[in-house]
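This briefing is meant for someone meeting the structure for the first time.

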Amino acid sequence: MRDDLDMMFSRIDKDIERISDKYPAAGRKEKERIYKLSQQKYQQLKAREEADEGFTVEASGVERYRRPMLYRGISAVAAALVLVSGLAGGLLLTKNSRIPKVDINDRNNTSQSTMVNEIDEDKMNADVDVLADNFEHIMRALYIPNDVSENMYDDLGVIFTKNDLMPTTGEMYSKELIYYKVKDEKLNAPEKLEEFMEASFTPKLKAYYFGGDLSGHENGEDFADDSMAARYVRRFIIYNGEVLADYIDDDMYFSYKFDEVYDFSNYKLVSSKFDDNIETFEGDLGLNDVFLQYDESDMQCVVCRRVYKREDDTLVNADFLLKKDGDNWKIANYSIMDENRKKLKESRKENEVQPTTAYGNDDNADFADVQLHEENLFSNIDEAIEFENGIREAMYNGEYKFKKVDIDKYENQIWNAKDNNEMNTLENKSYIYHLLINSYRYFDTADVSYTKNIDHVYGNAVSSVRCLADTRNRIFYLDSDFSDINDYPEHEEYHDHAKLYSYDNIWINANEDTKTFLQSEYEDYDYDNIYVPDNYCISKYYDENGEIIYNSTLTNIVFAGKCSECLFNHNVIGLDNFDDWYIEDVVKVLGRRCVSIRLENENGYISEIIDLRTGIILESLSIDENENTTVYMKVNSISIDTPLDYQYFDPTAYTDDSAVTE
Amino acid sequence: MTDKEMQHLLKAKPERGQRAFYDKYFNYVYTIVYSRLKGFASVEDIDECVGDVFAQCFLFFDKQEEISGNIKAFTASVARRKAVDTYRRVARHTSRSVALEENEEFVSDEDIVASTEQSELRQLLYDTVEQLGEPDSTIIIQKYYYGRSSKEIAKIVDLSSDNVRTRCSRAIKRLKEMLYEVGFAR
């Protein structure tokens, strides 16, 4: 009988029509939820279409390109990833950006160049003309995947994933590499690409960009555990006889587009100089700078420093590190900068953003005032992104310094407030907001134990956590025991006992059930000098209907995302709108003075009890629209700024399951 | 509301038009998407996909000076295309090969060779389920067509999940007797 009833399911059109005519396809709430989802997606599509109007690039007068929709979606996802990882990547890029000023006062001399020992200037310039043209072709293929296509998958070649390290947290996350077919006729066949790369780049730079033939790997393959394959997953690959490229995903992250950076054939060459002092050269390839600059050291080197003028009369500085490979000069690295020799990929067009509150880093100085909260609302996405880029740049450059506010003052002020109005002044709420964003800066060590219950649609999950954290010495330990009990037919009960350790710039994730562990290294950051003032953390753009189209957070939190329910909360997006939350009351929990805040949202509300001196969350409660508790976290014990019983990982009896990555 | 009235409303009062369109075609779109992705994508993926279909349709309506033609056929076409997109997206994450073209159907071999006899039997089955009456027929369809749990069905028919389980087992028993009487057999 069961088999007979299974026959009920059908993909035939007339059966679909009959079923959908007669029966509801979902419950009312699900239907309403999907309607809201449809509206959100529709508003996003509309906003993107509007934002992209005019985004077309004429490619050498032949082809016309437009980014496919998928690119934009991915950019948005990438922007979300930037919440934490952006700090790391940007820092790495900016660490080497102390570029000495170079005199470019001969802008009007279109052909002047400087002789360097034994270099035939004319011939070199002719060579660099060709190399710059080749370089432009290569970068164009990476920036703009394909010509106009109604179906964004038309030119999709293959998608791989590989693990990447999020340096601020040490977490491995899955990075998607989407390869599109290369259309440029100089590059669109394996032999052409090979030849083109060979002629343009030194072997090291070629290997940096060109991975080889990956046809033996299935679409969707995850290279996380395949060290050999991961070595060949590069910007260009060959797949099933076609040349594919994964494109530069910086639409949201960087201010400058291809035509503002690499479009040399449409710029006017202003000057071209050569010098053999490679010590002053700093390339654009981040971590690979040193590798690309000094390796291949047996080759003769020269730096060609070119100045180009765009159509709008602004200047582009293009420095090419050239090395002689056999008889031919080739590009070994490059650096593309604006007229002030600021790297374009890290720049924004106007830097009008200045901090409104002075922040000092001197422990002996007076306390800082709380920055009274203001929302960063923008009238369009571009402005929001531009603002965020400016803040990011200023942050990396150490322009903002953190200084503690007077916690005694605010603790007493809120604790002794006479009534709800006095409690909920802008200053007091700004203080709570400040504490939440900067919580870890207000305690050195913490030892907490808490439980968390989650009531989800198929059952409930319970986790018990103990966390030890030393924020100054970057030592972290978390013991988490998680059980998920549910009645959904395809989900089995799930249990997970894991321990997470961090010390000496490594993360170790130990699975206590399987007795395996993953280890990864990370680079520590100067958290004292890379800081975002409270009012610059979030930038938002609402459309005319009040829907959030762009909502980006920039924070710099040690151990971000770890023990985030309690110690290292970095998600303050909901709290950014002060109309949506208020201080309910003050309350003592575990002997500590706290505030209880209530944040309204469309699905109900969230109530949190927050320590008034550290911003640590001691309880949180999520209530849905039916007044049911869906999540409840409660700290059972807490000890702050006391000596810790540090925990270190002993690998005995564990198997090393660490993912091998580049 | 007729399609013509809706077409007019979509241009005259887009928000109301969109809502009317959504209400009219939600079941149809959801069922198309579900039928394409059943057993392959999660409930969340299916919901996302349905959202994509309507967002795409709303955007399309925005751009038309005048909306004409067969809305149902257009909607079905968008739903099928978006289901393919979702299939591919999910395939990427499950390392499955993505080889289907846009217009290629997710038709199993079983469907391709579905005989007239099978089709007639299925119509008979649907007829008999309808004769169960509400809410039992909806419970059976939700369980056997949409693969929902008693807890999920409970939310659709406004009953407790225990009640749904009880009604479901009784309905299956009745259905079996009714099918036996009409000579349903495979």
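In this predicted model, A:Cys566 touches A:Val448, A:Tyr450, A:Ile616, A:Ile617, A:Met633 and A:Val635, when residues up to four places away in sequence are left out of the count. A:Cys566 is also among the residues with the most contacts inside the largest nonpolar core. The points below begin with that core and then turn to helix contacts and to particular places in the backbone.

**Nonpolar cores**

- The largest nonpolar core has 60 residues, and those with the most contacts inside it are A:Cys467, A:Cys566, A:Leu567 and A:Ile610.
- Helix H14 of chain A, which spans residues 426–437, supplies the largest share of this core, namely 6 residues.
- Another core, of 57 residues, lies apart from it, and its members include A:Leu131, A:Phe320, A:Ile331 and A:Ala332.

- The crossing in which H2(A) passes H2(B) is right-handed.
- On the side of H2(A), A:Ile16, A:Ile19 and A:Ser20 meet B:Asn27, B:Tyr28, B:Thr31, B:Ile32 and B:Ser35 of H2(B), and by class this contact has 4 nonpolar, 4 polar and no charged residues.

**Helix contact within chain B**

- Helix H7 (residues 136–144) and helix H9 (residues 161–181) of chain B pack at an angle of about 95° with their axes 9 Å apart, and H7(B) and H9(B) are therefore roughly perpendicular to each other.
- H7(B) contributes B:Asp136, B:Ile139, B:Ile140 and B:Lys143 to the contact, while H9(B) contributes B:Val164, B:Arg167, B:Cys168, B:Ala171 and B:Leu175.
- By class, the contact of H7(B) with H9(B) has 6 nonpolar, no polar and 3 charged residues.

**Backbone features in loops**

- B:Glu134 and B:Pro135 are joined by a cis peptide bond with omega of about 5°, and B:Pro135 lies in the loop between helix H6 (116–131) and H7 of chain B.
- A:Lys515, a residue other than glycine, has a positive phi near 55°; A:Lys515 lies in the loop between strand S17 (506–511) and strand S18 (516–521) of chain A, and is exposed, with 11 other C-beta atoms within 10 Å.
- A:Asp641, also a residue other than glycine, has a positive phi near 55°; A:Asp641 is placed in the loop between strand S25 (629–640) and strand S26 (655–656) of chain A, and counts as exposed with 12 C-beta neighbours inside 10 Å.

Notes: Residues numbered from 1 in each chain as written. Chains lettered and ligands numbered in written order. Predicted model: local features only at pLDDT ≥ 70, side-chain atom pairs only at ≥ 80, totals over all residues. Axes fitted to C-alpha atoms, helices over the stretch in contact; angles between N-to-C directions. Helix = DSSP H or I, 4+ residues; strand = E, 2+ residues; numbered from the N terminus. Parallel < 35°, antiparallel > 145°, perpendicular 65-115°, else oblique. Contact = placed C-beta atoms within 7 Å. Nonpolar A, V, L, I, M, F, W, Y, C, P; charged D, E, K, R; others polar. Core = buried A, V, L, I, M, F, W, Y, C linked by C-beta atoms within 7 Å. Buried ≥ 20, exposed ≤ 12 C-beta atoms within 10 Å, placed from the backbone. Left-handed = near helix turned anticlockwise from the far one by under 90°.
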